[in-house]
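Let us take a friendly walk through this structure together. Please have the viewer open as you read.

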Amino acid sequence: MSTRAQVRFATREEGVTFSEHPEKFHAQFYKHHDGYPEGLGIDLATTLLGGNSSDAVPLEIDSLDTRRGDVEYIYYIWQAPLKTTWISIFEARYNEDLTKSDECIFVGEPSDLISEWKHLR
């Protein structure tokens, strides 16, 4: 079974919280499988910390307008010059009436993500 995810890059700005989807982002990628935090999340965090994640499956470039209905995770990489990089992870949740809502399950720096999720790998 595939665990699909989108990775979006957003700019850190005053007044924009990491725990909500931002109105704008600047790049978007899609991963068809292994998109769960202990897979893709660890790979992204490792890469952001300057390491090499040799097990990573390539990401596909998505148009900024693409909204996929089948993703289970959405990642935001928050960056700005002279500021630390942060990551937010949202997991798709389905209500009893089958409507979808996303829950923010992680906000932190790449090293925090590795500490929280690596033991599940």
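Two rings of Phe, Tyr or Trp (its six-membered ring) count as a pair if their centres lie within 6.5 Å. With that in hand, and keeping in mind that this is a predicted model, you can look for the cluster that ring pairs build from Phe-18, Phe-25, Tyr-76, Trp-78, Trp-86 and Phe-90.

A search of the whole structure turns up six aromatic pairs. Start with Phe-18 and Trp-78: their ring centres are 5.1 Å apart and their planes meet at 45 degrees, so this pair is tilted. Phe-18 sits in the loop between strand E1 (5-11) and strand E2 (27-31), while Trp-78 belongs to strand E4, so the pair ties together parts that are 60 residues apart in sequence. Phe-18 is buried, and Trp-78 is buried too.

Next come Phe-25 and Tyr-76. Here the ring centres are 6.4 Å apart with the planes at 65 degrees, and the pair is edge-to-face because planes over 60 degrees apart are classed that way. This pair also links distant parts of the chain, with Phe-25 in the loop between E1 and E2 and Tyr-76 in strand E4, 51 residues away. Phe-25 and Tyr-76 are both buried.

Now to the loops. Ser-63 is found between strand E3 (60-62) and strand E4 (73-79), and its relative accessibility of 41% makes it partly exposed. Although Ser-63 and Phe-29 are 34 residues apart in sequence, their C-alpha atoms are 8.1 Å apart in space.

Backbone angles deserve a look as well. Most residues other than glycine have a negative phi. Which way does Asp-34 go, positive or negative? Its phi is positive, near 60 degrees. Asp-34 lies in the loop between E2 and helix H1 (37-48) and is partly exposed, with a relative accessible area of 31%. Leu-82 also has a positive phi, about 65 degrees, without being a glycine. You will find Leu-82 in the loop between E4 and strand E5 (86-94), where it is exposed, at 92% relative accessible area.

Finally, turn to helix H2 (residues 110-117), whose buried residues are Pro-110, Leu-113, Ile-114 and Trp-117. Why do these residues share a side of H2? They cover an arc of only 100 degrees around the axis, which puts them on the same side of H2. An α-helix has 3.6 residues a turn, so residues three or four places apart point the same way.

How values were computed. Residues numbered from 1 in each chain as written. Predicted model: local features only at pLDDT ≥ 70, side-chain atom pairs only at ≥ 80, totals over all residues. Heavy atoms only, no water. Buried < 20%, exposed > 50% of the residue type's maximum accessible area, 1.4 Å probe, protein only. Helix = DSSP H or I, 4+ residues; strand = E, 2+ residues; numbered from the N terminus. Arc of directions from axis to C-beta. Phe/Tyr/Trp six-rings, centres within 6.5 Å; stacked < 30°, edge-to-face > 60°.
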